[in-house]
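Here is my note on the model, as numbered points. Please read it with the structure open.

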Amino acid sequence: MSEKTPFYITTPIYYPSAKLHIGHAYCTTVADTIARFKRLAGYDVFFLTGSDEHGQKIQQAAEKEGVTPLQYVDRIVAGFQELWRLLGISYDDFIRTSEERHHELVQHIFQKIYDQGDIYKGAYKGLYCTPCESYWTKLQLDENGCCPDCHRPVQEVSEEAYFFRMSKYADRLLAYINEHPDFIQPVSRRNEMIAFIEQGLEDLCVSRTSFDWGIPVPFDPKHVVYVWFDALTNYLTPIGYMHDKEKFNNYWPADVHLVGKEIVRFHTIIWGCMLMALGIDLPKKVYGHGWLIVDGAKMSKSVGNVVDPIALIEEFGADAVRYFLLREITLGQDGNISRDTLIGRINSDLANDLGNLLHRTLSMAKKYRKGVLAKGAGRTDFDAALEEMAAATVADYTAQMEQMELSAAIKTAWALISRTNKYIDETAPWTLAKDEAKAAELDSVLYHLVESLRVTSILISPFLPVTARRIHEQLGFTSDFAAVQLSDAAWGGTEDGHTVGTAEQLFPRIEIEK
Ligand code: MSP
């Protein structure tokens, strides 16, 4: 096993019922940025995503198209993987719930909990929302008697079913939540869950007989396992729960399950009780992020405001889309996105602030010194101030990233970019270049500009991985960028005599059509 500290982060596994939209891409981009940061900071990261493929909804959709459920999901899941590739998502494993390794685990867990008496057979009468794969009680329905999540009609179902004795774990779970303030974040989500449990937990129906696209209950195969009971266990499979105890003990408990706010309940209450029944530690943190709102409205097919992430990536590039999502939305809160704000960010932050800084730096280094830098001569107060700011930036950025304050951290990195642009105006290299007596000062300015950009490239690499690598290359570094560590962001890493590379445009300005 590695000597590094393990860090296990997951996204939800997505339903292959429709094309993924920018909201799904947001969740995965956030997780990817955290995973990349942790690798940069020297952790042994395991980053998991995947697809949640069972359930009646999928079976019905496949029947409509005249294909098997597996044929139906294969095509959609290939689309997910293509989207993650385009977006630069650096997952370590992609789990599909239709895989054998997952079936084996779900059946093992179902059997184990049954054998210990925490799953029993009963009869289910209740209200079911098929689109959300959720059971509701009458009290939980909205004012129109519909699903409180998606507001679509629910159906009365009555069938023989297996139940999981969640009620038995309610008090223990509540005590656990109270004793572990970090378990559910942000705090608003934690309070919601406490209130939910305090109303009392009913036993959960964990099997269905009305369709068969699912994992059969091992000892009663006319039942399939309830999709959420099935899906939640995905987090245990790729880290070796069944077959590699050493790996499992290394990565579990998960450091973060990153999920959207509407599924925090499943990840804390159902999953919490399941893990307690299995005698496994609970994850260290379940973080419920907010929703992306488009031009002020929640994305939905009927409103017609669903944003396709692939179209955005094709038009603006993956890094611009990533930057926009991570910078614009405060993690944990809902965030409004629009085409105009995206273009505004690309033009002002990426093309102007960052792109121009790199371009000006490389052109001046070429023009005044044929691209060759000198380290250590002619240091002025301006230089000292920039060094100080860079050191403070690295410290603040690191603290913010550790707290998952991604938007604050990228703003911190951008403040160094702005400060470095201002430093060019303060030091006016074009004036220094005219005066032989200022040659050492000019050397120092050029060195400081390159050094500031080198530090910047490291800090922005979890957010803008392609751009960061391009900056590294244009600055003339030939070392493997993937091996760069956060500790390399200490000032002074550029060697005396280093030769910078050639400037290429990072981000073209986008002209806004009138
Ligand atoms: N399959 C379940 C998760 C099972 S995890 C054991 C599921 N899938 S989903 O495809 O419907 O949603 C996956 C994630 O996308 C959720 O975390 C959800 O919050 C997120 N988002 C869906 N729409 C979103 C926005 N508009 N904005 C941000 N996130 C959104 O739930």
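1. Leu-292 sits in strand β14. Strands here are DSSP runs of E with at least two residues; helices are runs of H or I with at least four residues; both are numbered from the N terminus. Leu-292 counts as buried, at 5% relative accessibility. Buried means under 20% relative accessible area, exposed means over 50%, and partly exposed lies in between (1.4 Å probe, protein chains only). Leaving out residues up to four places away in sequence, Leu-292 touches Ile-22, Gly-23, Tyr-26, Met-299, Leu-325, Ile-329, Gly-335 and Ile-337. A contact means heavy atoms within 4.5 Å.

2. A word on the basis. This is a predicted model, where local features need pLDDT of at least 70, side-chain atom pairs count only at pLDDT 80 or more, and totals for chains, interfaces and linings use all residues. Residues are numbered from 1 along each chain as its sequence is written, and side-chain values use heavy atoms, with hydrogens and water left out.

3. Asp-295 lies in the loop between β14 (292–294) and β15 (297–298). Its phi is positive, about 45°, although Asp-295 is not a glycine. Asp-295 is exposed, at 58% relative accessibility. His-151 also deserves a look: its phi is positive at about 65°, and it is not a glycine. His-151 is in the loop between β5 (134–136) and β6 (155–164). With a relative accessible area of 47%, His-151 is partly exposed. For background, most residues other than glycine have a negative phi, and most peptide bonds are trans.

4. Now the cis bonds. The peptide bond from Gln-185 to Pro-186 is cis, with omega near -10°. Pro-186 is placed in the loop between β7 (184–185) and α6 (187–198). Trp-252 and Pro-253 are also joined by a cis peptide bond, with omega about 0°. Pro-253 lies in the loop between α8 (245–251) and β12 (256–260).

5. Helix α1 covers residues 22–40, 19 residues in total. From first C-alpha to last, α1 reaches 26 Å, close to the 27 Å expected at 1.5 Å a residue. That expected span is 1.5 Å times one less than the number of residues. Is α1 mostly covered or mostly open? It is mostly covered, with 16 of its 19 residues buried. Just after α1 comes Gly-42, with a positive phi of about 95°.

6. Helix α2 (residues 56–65) has Gln-56, Lys-57, Ile-58, Gln-59 and Ala-62 as its buried residues. What do they pack against? Their partners are α3 (69–87), β4 (119–129) and β9 (207–208). An α-helix has 3.6 residues a turn, so residues three or four places apart point the same way. Gly-66 follows α2 and has a positive phi, near 70°.

7. His-448 belongs to helix α16 (residues 439–460). His-448 is buried, with a relative accessible area of 3%. Not counting residues up to four places away in sequence, His-448 touches Asp-383, Leu-386, Glu-387, Tyr-423 and Trp-491.

8. Asn-356 is in helix α12 (residues 339–369). Asn-356 is partly exposed, with a relative accessible area of 36%. Between Asn-356 and Tyr-114 there are 63 Å in space, C-alpha to C-alpha, and 242 residues in sequence.

9. Finally, the whole chain. The protein chain has 17 helices and 16 strands. Its C-alpha trace spans about 90 × 55 × 40 Å along the principal axes. Buried residues make up 56% of the 514. Of contacts between residues at least 6 apart in sequence, 78% join residues at least 24 apart.
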